[in-house]
Amino acid sequence: CMMDCRGAALPDEPAALSGILVSHGAVMAILDEAVCTRHAVHALQQRFIHVVCPDTQGFAEAAAKGVNGILTSRPAECYRLLERFPENSFLRMHSLYAHKGFQNNGQFSENTITGVRAAGEYGFDGAEIDVKLTSDLVPIVMHNLNTRGLFDCEEKVIEQTPYAELAPLRRIGFPDEGVDRLEDLMSGMKDFPDTPVLIEFKPNAVYNRVEEMVAQTGEILSRPTSQQNCIGIMGMLTPGLGYVHAQLPTLPLSHCESVRELTPPQSRVEAEDRLYRLAFLTAGWAAGYNPEDTMVNRTFYEYARIRGLTLFPWSRSWTLAPSVWEKNGQRCDQTYLAGYDAWTTDHGDMYLQLPVLLEPSDAFARERRVGECFRPVGVNLFRDRTHTEVQTELLVQEGELHSHAAGSYSAARAGTVKVMLIQ
């Protein structure tokens, strides 16, 4: 479903806007030029809404906002512009999600308030957490079925234990960290409204308390003290996604899947077959697909993008499985840079050195002539808000300003010349 929002009175807050779009089943929105800022585009994309922008201010202006599509009556001219850019600089930001929070090479423990807040502090585009229910129906942030390996105590099955017995436990190697409640974590993320929390509902197949988990989560997210920019994820109990959507209609949802035997599609037919299954599972709402990275490839991504399905693969922990990194590490880096909607990883520290934006310098203060070439200094901005200077060769051609290399991008106005900068 595509919603044409041009001329509509829309809320300024992207999270509120995405809630309206999600509740109407929209997976794509056409926004007015004034509303379609780079920040708003990325915020909507984080919540599985694909954005289309009209070309009223020019192709370069629209494309540099990272939109999924450009509404134009001049497609041939638009394609000529886009073809000048290498595939890895396809005019959009690659989102980076911290799996189980940002662990920063072992500095923080998984699924804790400290680690999830660190994802916000370091500029991640989202932080994934796992939620389970205790025996007295308290939602806690926990991945494992029991306490084995994480806590120095006798083994306790989470869903058979009341929260009062879990609260005093301390994590192995992290004596200041314990068992965090979901309500405390969401309150702690109030300081980071632009860092969505990806809540993976992980009910035990034996107890299957999807209804109670959704009811508790919805009540927590409705509180004014809670960060409300969230995404719901569910894996093994996939039919529960429909129930979650019915109870929380403004929450974007994603199906999570890990099937090691499932190899990437080798043809259009294979990609289509899998997409038909996903379309059946996620029909009627803004949806994402969160598979293990070994299950998908660019062929699948291209067809998923046509159908408005957000694809954000996740990689297994290389710390827990070093052989996986030795075998697939380089491929994982290439996968992230290949242009998937997002990348979910335990090792976000490896990607912090990649710039997210290149800002133009004062060299763009005056109008440039067509055919003029110059070497201005730009500023690379990183996720943790640090920056470095970089020199870029630029050329004014047919009213558009282009460089000769690939990488990050930005746009600015220099007199009457629209400026496109690609590092």
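**Close-up views of a predicted model**

**View 1. Helices α10 and α11.** Helix α10 (residues 268-281) and helix α11 (residues 298-306) have axes that come within 9 Å and cross at roughly 50 degrees, where axes are lines fitted to C-alpha atoms, for helices over the stretch in contact, and angles run from 0 to 180 degrees between N-to-C directions. Helices (H or I, at least four residues) and strands (E, at least two) are DSSP runs, numbered from the N terminus. The two helices α10 and α11 are therefore oblique to each other, given that angles under 35 degrees count as roughly parallel, over 145 as roughly antiparallel, 65 to 115 as roughly perpendicular and the rest as oblique. On the side of α10 the contact is made by Arg-268, Ala-271, Glu-272, Arg-274, Leu-275 and Leu-278, and on the side of α11 by Thr-299, Phe-300, Tyr-303 and Ala-304, contact meaning heavy atoms within 4.5 Å. By class, this contact of α10 with α11 has 6 nonpolar, 1 polar and 3 charged residues, where Ala, Val, Leu, Ile, Met, Phe, Trp, Tyr, Cys and Pro count as nonpolar, Asp, Glu, Lys and Arg as charged, and the others, Gly among them, as polar.

This is a predicted model, in which local features need pLDDT of at least 70 and side-chain atom pairs count only at pLDDT 80 or more, while totals for chains, interfaces and linings use all residues. Residues are numbered from 1 along each chain as its sequence is written, and side-chain values use heavy atoms, with hydrogens and water left out.

**View 2. Helices α1 and α2.** The axes of helix α1 (residues 14-23) and helix α2 (residues 38-46) come within 9 Å and cross at roughly 45 degrees, and α1 and α2 are therefore oblique to each other. Pro-14, Leu-17, Ser-18 and Leu-21 of α1 meet His-39, Ala-40, Ala-43 and Leu-44 of α2. The residues of this contact of α1 with α2 divide into 6 nonpolar, 2 polar and no charged.

**View 3. Ser-226 in its loop.** Ser-226 lies in the loop between α8 (210-221) and β9 (230-234), and with a relative accessible area of 3% Ser-226 is buried, a term that means under 20% relative accessible area, with exposed over 50% and partly exposed in between (1.4 Å probe, protein chains only). Leaving aside neighbours within four places in sequence, Ser-226 is in contact with Met-186, Ser-187, Lys-190, Ile-220 and Leu-221.

**View 4. Lys-100 and Asn-105 between β5 and α5.** Lys-100 lies in the loop between β5 (95-99) and α5 (113-121), and Asn-105 also lies in the loop between β5 and α5. Most residues other than glycine have a negative phi. Lys-100, although not a glycine, has a positive phi of about 60 degrees, and the phi of Asn-105, likewise a residue other than glycine, is positive and near 55 degrees. Lys-100 counts as buried at 10% relative accessibility, whereas Asn-105 counts as exposed at 62% relative accessibility.

**View 5. Leu-169 and its surroundings.** Leu-169 is placed in the loop between α6 (163-166) and α7 (182-188), and at 11% relative accessibility Leu-169 counts as buried. Although Leu-169 and Val-179 are 10 residues apart along the chain, their C-alpha atoms are separated by 6.9 Å. Not counting residues up to four places away in sequence, Leu-169 touches Thr-147, Phe-151, Cys-153, Lys-156, Glu-177, Gly-178 and Val-179.
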